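Student: I'd like a close look at one part of this model. Could you walk me through it in one go?

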Amino acid sequence: MSRARLLAVVGALLMVASCLLPCLTSFTGITLPDQDPTPEAIEQQNAEELAFEQRFELVALIAAGLAILGLALLVYAWIHRRRPSPPAATNKTDR
């Protein structure tokens, strides 16, 4: 396998990983609000939502970095792909 093809495969895998990474964040801390919440319950829910948002932002930044790296590898592989060599020139003056 040529280096360009290997980089293209790695780039494609990084792009797929960057798409799947935000989907893997945990939603377990987020629940529906109570009917009559106490002030402590509201504070706890706000803290959980803030922690989830911060975690999601971090995962989204990592995913963006992976996507950029994957795209760069795909572009590099496209530029450096192997092209078939042209046929050798024949000398027709030989008799």
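Student: Is Leu74 buried, exposed or partly exposed, and what is its relative accessibility?

Tutor: Quick ground rules: this is a predicted model, where local features need pLDDT of at least 70, side-chain atom pairs count only at pLDDT 80 or more, and totals for chains, interfaces and linings use all residues. Residues are numbered from 1 along each chain as its sequence is written, and side-chain values use heavy atoms, with hydrogens and water left out.

Now, Leu74 counts as partly exposed because its relative accessibility is 29%; buried means under 20% relative accessible area, exposed over 50%, and partly exposed in between, with a 1.4 Å probe and protein chains only. Leu74 sits in helix H2, which covers residues 39-79 (helices are DSSP runs of H or I, at least four residues, and strands are runs of E, at least two, numbered from the N terminus). Setting aside residues up to four places away in sequence, Leu74 touches Ala8, Gly11, Ala12 and Met15, where contact means heavy atoms within 4.5 Å. Leu7 is 67 residues from Leu74 in sequence, yet their C-alpha atoms are 6.7 Å apart.

Met15 also turns up beside Ser18: the Met15 backbone oxygen is 2.7 Å from a polar atom of the Ser18 side chain. Ser18 belongs to helix H1, residues 3-20, and is buried, at 8% relative accessible area.

Zooming out, the protein chain has two helices and zero strands, and buried residues are 16% of its 95 residues. Of the chain's contacts with a separation of 6 or more, 89% are between residues 24 or more positions apart.

Note on methods. Polar contact = N/O pair within 3.5 Å; in protein donor to acceptor, adjacent residues only side chain to side chain.
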